[in-house]
Amino acid sequence: MVPFGRTAAIFDVDDSLLDGNAGTIFTWYLYNQKVMRPEMRARIPRIIYEYARHRLTEQDMVEVGSRCQQGLYADDLRAHAHACFERHLRRRITSGAMRHIRRHLLSGHFVLIASGSPQYVVDEIGRHLRVHAAIGTRTRVVDGKVTDQVVPPVVFREGKRAAVEAVLEKWDLDPARSWLYSDSIADVPLFEAVGNPVVVNPKAPFRALAERRGWELQEWRERNRPGEPGDVADEWGSWGG
């Protein structure tokens, strides 16, 4: 018997599996709870301003999101990630993602979520969805406290592909049989590695590229729990929002 049929289903998280950006909302949550170091908390509004004006890259923001946790105890961060998920992220899971994750699980495939967002919050999403593995951006922990040192690779572009490929190799999964669902043009290196690329909610430039490549397009706009009221976190739905 071949485990998982050597097939994986890889799901990006931000703006596809979720309506919004998990790392941004978690950063907002930590900012709002006033648990960041004061010097880091003071920088957050300026960082968002710089990114909105294209002076910082998406990879910069991935790294900033993890470094906001510096000096906090890892156990406390796990508790904050759980609270943030329950209050703000659970309601944002899209119905399209739920349908496809269930289909792949029922098909016996290995289901993996991967995001540049911090590992603590990606773990919460993965546990809720009961997927086999969850990859996020990790920071080193020393004496129980989180440092500002990002554990390579940064889960973005080629780093995300490397992190995913390491999991596929560990479980003897075949990229040519596997699926990827993502909205991000930054995931092109990973799209090129799988046999079944599905582009979700693409913005115009990426949509044009996906159409040229002949990649399948899908829209996952509806939240799985659409009747729930929004909150202040909706203003922090994505770094570009």
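Reader: Which residues is lysine 160 in contact with, leaving aside its neighbours within four places in sequence?

Author: This is a predicted model, and in it lysine 160 belongs to helix 8, residues 158–170. Setting aside neighbours within four places in sequence, the contacts of lysine 160 are Asp12, Ala114, Ser115, Val154, Val155, Asp187 and Leu190.

Reader: Does lysine 160 count as buried or exposed?

Author: The cut-off for buried is under 20% relative accessible area. Lysine 160 has 4% relative accessibility, so the residue counts as buried.

Reader: Which residues have the most contacts inside the largest nonpolar core?

Author: In soluble globular proteins, nonpolar side chains tend to be buried together. Here the largest nonpolar core has 44 residues. Its largest share, seven residues, comes from helix 5, residues 74–89. The residues with the most contacts inside this core are Phe11, Leu17, Leu89 and Ile125.

Reader: Why does leucine 18 count as buried?

Author: Leucine 18 is in the loop between helix 1 (13–17) and helix 2. Not counting residues up to four places away in sequence, leucine 18 touches Val13, Leu89, Arg92, Ile93, Thr94 and Ile125. Leucine 18 counts as buried because its relative accessibility is 1%.

Reader: What distance separates the C-alpha atoms of leucine 18 and arginine 91?

Author: Along the chain, leucine 18 and arginine 91 are 73 residues apart. In the model, their C-alpha atoms are separated by 8.8 Å.

Reader: How are helix 2 and helix 5 set: roughly parallel or roughly perpendicular to each other?

Author: Helix 2 (residues 22–33) packs on helix 5 with the axes 10 Å apart and an angle of about 110 degrees. Angles of 65 to 115 degrees count as roughly perpendicular. Helix 2 and helix 5 are therefore roughly perpendicular.

Reader: By class, which residues make the contact of helix 2 with helix 5?

Author: The crossing of these two helices is right-handed. Helix 2 brings residues including Ile25, Phe26 and Trp28, and helix 5 brings residues including Leu77, His80 and Arg87. By class, the contact has eleven nonpolar, three polar and one charged residues.

Reader: What is the direction of helix 3 relative to helix 4, roughly parallel or roughly antiparallel?

Author: Helix 3 (residues 38–52) and helix 4 (residues 58–67) pack with their axes 12 Å apart, at an angle of about 165 degrees. An angle over 145 degrees is enough here, so helix 3 is roughly antiparallel to helix 4.

Reader: How many of the residues in helix 7 are buried?

Author: Helix 7 covers residues 119–129 and is mostly covered. Its buried residues are Gln119, Tyr120, Val121, Val122, Glu124, Ile125, Gly126 and Leu129. Of the eleven residues in helix 7, the number buried is eight.

Methods. Residues numbered from 1 in each chain as written. Predicted model: local features only at pLDDT ≥ 70, side-chain atom pairs only at ≥ 80, totals over all residues. Heavy atoms only, no water. Buried < 20%, exposed > 50% of the residue type's maximum accessible area, 1.4 Å probe, protein only. Helix = DSSP H or I, 4+ residues; strand = E, 2+ residues; numbered from the N terminus. Core = buried A, V, L, I, M, F, W, Y, C linked by side-chain atoms within 4.5 Å. Axes fitted to C-alpha atoms, helices over the stretch in contact; angles between N-to-C directions. Parallel < 35°, antiparallel > 145°, perpendicular 65-115°, else oblique. Left-handed = near helix turned anticlockwise from the far one by under 90°. Contact = heavy atoms within 4.5 Å. Nonpolar A, V, L, I, M, F, W, Y, C, P; charged D, E, K, R; others polar.
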